[in-house]
Amino acid sequence: MAAIGVIGGTGALGKAIARRLAKAGHSVTIGSRSAESAEIAAQEVGAAGGATNSDAASGKDVVIVTVPYSAHAGTLAQIKDHVGSAIVVDTTVPLVPPKVMRVQLPETGSAAVEALAHLGEGVRLVSAFHSVAAHKLIHDEKIDCDVLVFSDDVEARGVVVGLCEDMDLRGLSGGALVNSAAAEALTSILIYMNKTYGADGAGIRFTGLTKARAI
Ligand SMILES: NC(=O)c1ccc[n+]([C@@H]2O[C@H](COP(=O)([O-])OP(=O)(O)OC[C@H]3O[C@@H](n4cnc5c(N)ncnc54)[C@H](OP(=O)(O)O)[C@@H]3O)[C@@H](O)[C@H]2O)c1
């Protein structure tokens, strides 16, 4: 079982991820700008504890970043010197309100590529969880969608695919970190689908896969 810090874990996605990982037996620390808020959220979701974001990022096997795009750069700067050799999982979708149903990726290509620039080349960066709705993940229900996992670090990608399985999700390798742009862009389309087709958290499913798990 892994020691996992969830940065911004007081929010919708962070709490949902923390809850499922804690339920699977991982030692999860919720991170927040406020240690007190983190502790409250940790109790809510059955996590091991709460701490400031930098403390939650320290000494972990895996650090999962779940903050809005507007807080992305600042939060990564805060945790950069604390993550050490941990696998850092970025969940950020670079939505630009109010037009969140339009794909508006940053000029750099994607939030994941920006995260790599912020954290430095040596980081074990993975990008994942863009297409799963937090309001579904927070419950125990089986979620009918795949989670794409991107990284240039093949072993780290495999670890995060495994965490998806622990969370009762099907995680699929989507290849290199740069491919994260596709999943980040797809989120705007999923939001559009929710509105257009009345979906309660539309998701994606890949068909035709013949190997159970190929990283
Ligand atoms: N919600 C979803 O269904 C979903 C699905 C897939 C991907 N995502 C992505 O996951 C990330 C988190 O989404 P979310 O819906 O969970 O966000 P959220 O609930 O709005 O915010 C998450 C946490 O980020 C921290 N935060 C907010 N503003 C901040 C700021 N200006 N500076 C520093 N920290 C700030 C807050 O924690 P503290 O106040 O405790 O510090 C907050 O609880 C986003 O990038 C989103 O695109 C979300």
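Me: What should be kept in mind about the numbering and the model?
Reply: Residues are numbered from 1 along each chain as its sequence is written. The model is predicted, so local features need pLDDT of at least 70 and side-chain atom pairs count only at pLDDT 80 or more, while totals for chains, interfaces and linings use all residues.

Me: Why is strand S6 called largely enclosed by the rest of the structure?
Reply: A residue is buried if 20 or more other C-beta atoms, placed from the backbone, lie within 10 Å of its own. In S6 (residues 124-128), 5 of the 5 residues are buried, so the strand is largely enclosed. Strands here are DSSP runs of E with at least two residues, and helices are runs of H or I with at least four, numbered from the N terminus.

Me: Which residues of S6 point one way and which the other?
Reply: Arg-124, Val-126 and Ala-128 point one way, and Leu-125 and Ser-127 the other. In a regular strand the side chains alternate between the two faces of the sheet.

Me: How do you know that S5 and S6 pair?
Reply: Two strands pair if DSSP finds at least two bridges between them. Strand S5 (residues 87-90) and S6 are joined by 4 bridges and run parallel, so they pair. The partner of Val-88 in S6 is Leu-125.

Me: What makes S6 and S7 a pair, and in which sense?
Reply: S6 and strand S7 (residues 146-151) share 3 bridges, in the antiparallel sense. Val-126 has Ser-151 in S7 as its bridge partner.

Me: Why are S3 and S8 called edge strands?
Reply: The open sheet has 8 strands in the order S3-S2-S1-S4-S5-S6-S7-S8, with mixed pairing. Strand S3 (49-52) and strand S8 (170-175) each have a single partner strand, so one side of each is left without a neighbour in the sheet.

Me: What makes 12 residues of the shell around the ligand nonpolar?
Reply: Ala, Val, Leu, Ile, Met, Phe, Trp, Tyr, Cys and Pro count as nonpolar, Asp, Glu, Lys and Arg as charged, and the others, Gly among them, as polar. By that rule the shell divides into 12 nonpolar, 14 polar and 1 charged.

Notes:
Buried ≥ 20, exposed ≤ 12 C-beta atoms within 10 Å, placed from the backbone.
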